[in-house]
Structures are given as C-alpha cells and as structure tokens.
Amino acid sequence: MKNELSDTKKAYPDIDVFRIVAAILVVAIHTSPLTSYNGYADFLLTRVVGRVAVPFFFMVTGFFLYDEVIIQRNKLNAFLKKTSLYYMGAILLYLPINWYSGYFNSEKLGSKIIRDVLLDGTMYHLWYLPAAVIGSIIAYYALKYLSLQGAFALTFVLYLLGMLGDSYYGLTKSIPALNGLYNNLFQVMDYTRNGIFFAPVFFVLGAMSKKRRCEFKKSLIFTVVCLLLMALEGTILKSNNLMRHDSMYLLLVPLMYFLFSMLLQRRGTQKRGFRDISLIIYIIHPLIIILIRGASKIAGIERWTVYNSLLHFLLTAIFSFLAGLVITNVLQKLRLKSST
C-alpha cells in the first residue's frame, strides 16, 4: 500500500495530509458531530473551523495551476476536462437519489436543472465541482489581464459582494436598494457561495502563495489569531441572526493565506494517493450517510448510529475513507494494467 500511495518526489507532504483533513471536515459539516452534546461547540467546529476545507481545495488547485508568471492554459484545460468528467460521474451517481427524493417533480424543472448544474449542484455537496470550473476560469482571465495584486483585488471584491448575500445578509436586507438587488440575484441562484463570488479569490490566493509566503512561525501565529477572530466574527453574526448562510466570513481570506503558507513550509515525500482519496471522500460521503441510515433502520440501531451525532460522524468518516482507499487502489491497478 505504501508504494502505491507515495513516491520519492520532493513535494509538499503537509498539503497532501491536509487534503484528507479537509475532506473529513466536509463530512463533519454534513453530519454535525457535536450537536448531540453542545450546539455552540458544533457551530464552532463545523461552521467556523470546517469552513477552511473548500477554500483549501481551491487554493491547492490555484497553486499548482499557476506557473510563476500566469496560470498555464494547457494546465487549466486539463483541469477543466478532468473536473467536468468527475462532475458528470457524480451527477450520474446521485441520479437515483434525485429521483427518489422527488427532484424531478419540482416546478420549473428545466430552469432548476440548468441552475443546479451550473451553480448550485444537483446534490447539496456537488456545488463545489461547477464552482471549481467557473472559479478557475475567472481566476485565469483575471491573472491574464491584470497584475497579481489586481487579480486579487478584483476577486476579493467579488467575494465581498458574495459575503453580503451569505453571512452578512442580515445587514444587506436592511438597505432597500441592496435588498432588492440580492432578492433578484436569488431568483437565479440559491447561494452566493459559488464559482462566481466565492471560488475565484481562493484560486488567486493559491497563485499568490507561489510567490509570497510567510515563514512558519509567523504563519502559525497569524493562523491561530485569524481563526480565533473568525470564531468571534461567526459568533457575533450568528447571535444577531444576520446569516442567510455561513460559508463566507471576512476573516476567512487572511486565515486561508496564513494556513496555506504554513502548510507549504515542509518539503518531502509526496502522498499522491491522498489527492484521489480526499476527492472520493468528498463525492461519496452523502451516499455513505444514506447507506448508514438505511442499514441502521433495518437493524434497529438508529439510536446509536444515527441519533448519536458523534458516532454517526465517525461511522460516515471511516466508511467514506475506506471507500476512498479501495476505489483509489482499484483505479491505480487499472491504470498500471492499461499502461503495460
């Protein structure tokens, strides 16, 4: 197993390891592991700490697509092709669940399908894949026609506009002109957490990290400080009922810069399989949740495996990881077989 999941190439091992951590944080967001014990602790874990997961994946892509001067077009095309294939596969995987849940009985089904495929995702977690496609394209053109600073400024303005329809929506609603604008916006998208407003700044931030990063001690200190301040920001927004959704915080952008900078410090052995395992965990964990709930109901053990939030999270995380491990190894063996 070790030989299949690693090679001796000098890489960023902490980035590889954090891919798995980020995927497990996404599982936590969708299972709320501490909700049986303390609602506020669960909020801090899933709605504050967990919010670093998806921006981290966008930054990794931006970092490796960017090639000192600009995002390379050929690398971008390969990324778009691969991500689109993953997205089509994921859509097909969840089609039976869409059908069972009555998705195809929705009003204005045609416009709903277009909106979901392009922006919101056909399942609650699949928004990430179209966001990666659209966000990378916006970042590419921003970096092509603007300086690095200019691209960051443009995409950060998009992020701020998205934030006003997300965690700060309570403030936006109090301003009639903005309230009307965002009400119209929500006619064509469910959230501003998408490839237009949310993703581009993190692709650009990943590209910036290629050139500019802090030393480890400074990165660690500012990561902790930004995380604590973001917990305070989230707590204030939540306690004042200002959130429409809880993905976009002001402190999330500097937090991701310092966290990513910290993860880039160490060079060592690449854990190549971790990338595939983390992606499979991300795509498959809602299916694992459904299977655990179904099996628990049949076995009459829902009290422990579903209604105990921590055990439910642990089971989902473990089975999703094992599924990722098995599928990754099968795919690697098929690749080796086809290359010989």
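Which residues in α4 meet Lys75, Leu76 and Phe79 in α5? They are Thr61, Phe64 and Leu65, where a meeting, like every contact in this report, means heavy atoms within 4.5 Å. The structure is a predicted model, in which local features need pLDDT of at least 70 and side-chain atom pairs count only at pLDDT 80 or more, while totals for chains, interfaces and linings use all residues. Residues are numbered from 1 along each chain as its sequence is written, and side-chain values use heavy atoms, with hydrogens and water left out.

Helices (H or I, at least four residues) are DSSP runs numbered from the N terminus. Helix α4 covers residues 53-65, and its 13 residues should span 18 Å at 1.5 Å a residue, which agrees with the 19 Å between its end C-alpha atoms; the expected span is 1.5 Å times one less than the number of residues. Of these 13 residues, 12 are buried, a word that stands for under 20% relative accessible area, whereas exposed stands for over 50% and partly exposed for values in between (1.4 Å probe, protein chains only). The buried residues of α4 include Phe56, Phe57, Phe58 and Leu65.

The axes of α4 and α5 are 10 Å apart and pack at an angle of about 145 degrees; axes are lines fitted to C-alpha atoms, for helices over the stretch in contact, and angles run from 0 to 180 degrees between N-to-C directions. The residues of this contact divide into four nonpolar, one polar and one charged, where Ala, Val, Leu, Ile, Met, Phe, Trp, Tyr, Cys and Pro count as nonpolar, Asp, Glu, Lys and Arg as charged, and the others, Gly among them, as polar.

**The nonpolar cores**

A nonpolar core is a set of buried Ala, Val, Leu, Ile, Met, Phe, Trp, Tyr and Cys residues joined through side-chain atoms within 4.5 Å. The largest one holds 84 residues, of which Phe56, Phe58, Tyr159, Phe198, Phe202, Leu252 and Met256 touch the most other members. Helix α13 (residues 252-263) gives the most to this core, with 10 residues. Apart from it lies another core, of five residues, among them Ile284, Ile288, Ile292 and Ala323.

Leaving aside neighbours within four places in sequence, Leu252 is in contact with residues including Pro55, Tyr159, Phe198 and Phe202.

The axes of α2 and α13 come within 8 Å and cross at roughly 125 degrees, which makes α2 oblique to α13, since angles under 35 degrees count as roughly parallel, over 145 as roughly antiparallel, 65 to 115 as roughly perpendicular and the rest as oblique.

**Single residues**

| Residue | Relative accessible area | State |
|---|---|---|
| Thr223 | 9% | buried |
| Ser32 | 18% | buried |
| Lys108 | 69% | exposed |
| Asp116 | 3% | buried |

Ser32 lies in the loop between α2 (13-31) and α3 (39-48), and its phi is near 45 degrees, a positive value in a residue other than glycine. Lys108, in the loop between α5 (73-100) and α6 (109-120), has a positive phi of about 50 degrees although it is not a glycine. Asp116 is placed in helix α6 and, not counting residues up to four places away in sequence, touches Tyr87, Tyr103, Gly121, Thr122 and Asp190.

Definitions and conventions: Helices (H or I, at least four residues) and strands (E, at least two) are DSSP runs, numbered from the N terminus.
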